[in-house]
Amino acid sequence: MAHCVVPAAEEILDKEYPVLDKGFVRLVDYFGGDQRIVQSARVSYGEGTKSVSQDGALIDYLLRHQHTSPFEQVVMTFHVKMPIFVARQWVRHRTGRMNEVSGRYSIMKEEFYVPAEDKVAPQSKDNKQGRCNEAFDKETADKIIAQLEAGQKESYENYSELLDSGLAREIARINLPLSLYTEFYWEMDLHNLFHFLKLRLDSHAQYEIRVYAEVILEMCRKVAPMATESFINHMNEGVNFSGEEMDALRKVLAGEPNPLEGKKLDRFNEKIKTGVQL
Ligand SMILES: Cc1cc2nc3c(=O)[nH]c(=O)nc-3n(C[C@H](O)[C@H](O)[C@H](O)COP(=O)(O)OP(=O)(O)OC[C@H]3O[C@@H](n4cnc5c(N)ncnc54)[C@H](O)[C@@H]3O)c2cc1C
């Protein structure tokens, strides 16, 4: 079969999906879909496309058993606009290919991320990397937001003054904060995109990148719905148990005490409460 056209994906091409206060994700292009995964998996047998249910079962089997290369045959290109601190986390995913706006070439726009009131929360006591689920009271949050905005305004005024004085753009920008918005084109194959989504949809990922991952997940659903369902089932909502945890699970299922109870293996106790219905 020739070029893969997926009608649901065609419909969202080029549309901007807003994220955070000023960011967005736009699907610029896609290459392949569920059918491409099926074709490339079956090429070794010389068999063509079968029924939809057989295709779905094949995709599910491949994903579950980590036969990953057919998923690499599907590629998606996004245009993403996000604060620099989100971009810093994003670019750690090395298998993407990207082109970012250049602060050496262009004047950076006065666009900063300002968190919504309900996202302005104290440092978490049990997660060194995160914030509490509960936000500050409105008065405190408003004060913090005003302080953040004042800092952003001042830094942009300094930037503009330095540019006006004739300083090169590449050096005038160096004091701009991490809340400044940047944008890039980003291309990723579906196998690595699922890995990105697994990590960035997780509740331990920072809220500000998680919301981008949520939009990208919906875009994957348009391009490759069967593969995305399998991803959600096996990778995103499925859990792995270590040997020690399997042993504990057998004991718990047999009505014996949980040998890991009280031990600081937090994820196991979390898993058996939320991931597995005992
Ligand atoms: C919640 C969370 C917190 C984090 N906290 C921190 C932190 O505090 N500090 C920090 O520095 N990072 C942090 N990270 C980033 C993290 O360590 C990874 O760099 C990031 O998640 C990208 O994952 P990856 O390397 O698997 O993905 P990718 O770079 O997309 O790579 C995908 C896979 O390809 C392979 N691969 C790609 N490139 C190479 C290579 N050059 N050599 C070998 N194998 C390669 C690996 O198997 C890898 O798993 C955090 C990530 C998350 C999700």
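**Domains, ligand and salt bridges**

Modeller: The chain is divided into domain 1 (1–113 + 181–238), domain 2 (116–178) and domain 3 (243–274), with bounds that come from an automatic or database domain assignment. This is a predicted model, in which local features need pLDDT of at least 70 and side-chain atom pairs count only at pLDDT 80 or more, while totals for chains, interfaces and linings use all residues. Residues are numbered from 1 along each chain as its sequence is written, and side-chain values use heavy atoms, with hydrogens and water left out.

Colleague: How many residues does each side give to the contact of domain 1 and domain 2?

Modeller: Contact means heavy atoms within 4.5 Å. The C-alpha centres of domain 1 and domain 2 lie 29 Å apart; 16 residues from domain 1 and 13 residues from domain 2 take part in the contact.

Colleague: What is the area buried between domain 1 and domain 2?

Modeller: Buried area is the accessible area (1.4 Å probe) that two parts lose on being put together, summed over both. Here the value is about 1500 Å², and carbon and sulfur atoms give 54% of this area.

Colleague: Which salt bridge joins Arg 104 to another side chain, and what is the count between domain 1 and domain 2?

Modeller: Side chains of opposite charge can pair when their charged atoms come close. The rule for a salt bridge asks for a side-chain nitrogen of Lys or Arg within 4 Å of a carboxyl oxygen of Asp or Glu. Two salt bridges are counted between domain 1 and domain 2. The side chain of Arg 104 meets that of Glu 170 in a salt bridge, at 2.6 Å from N to O.

Colleague: Which residues are around the ligand?

Modeller: A residue is near a molecule if one of its heavy atoms lies within 4 Å of it. The residues around the ligand include Arg 92, Arg 94, Gln 129, His 195 and His 204. An oxygen atom of the ligand lies 2.6 Å from a backbone N or O atom of Arg 94. A side-chain N or O atom of His 195 is 2.6 Å from an oxygen atom of the ligand. For Gln 129, a polar side-chain atom lies 3.0 Å from a nitrogen atom of the ligand.

Colleague: How many salt bridges does the whole structure hold?

Modeller: The search finds 14 salt bridges. One of the pairs is Arg 42 with Asp 55, whose closest N and O atoms are 3.1 Å apart.

How values were computed: Polar contact = N/O pair within 3.5 Å; in protein donor to acceptor, adjacent residues only side chain to side chain.
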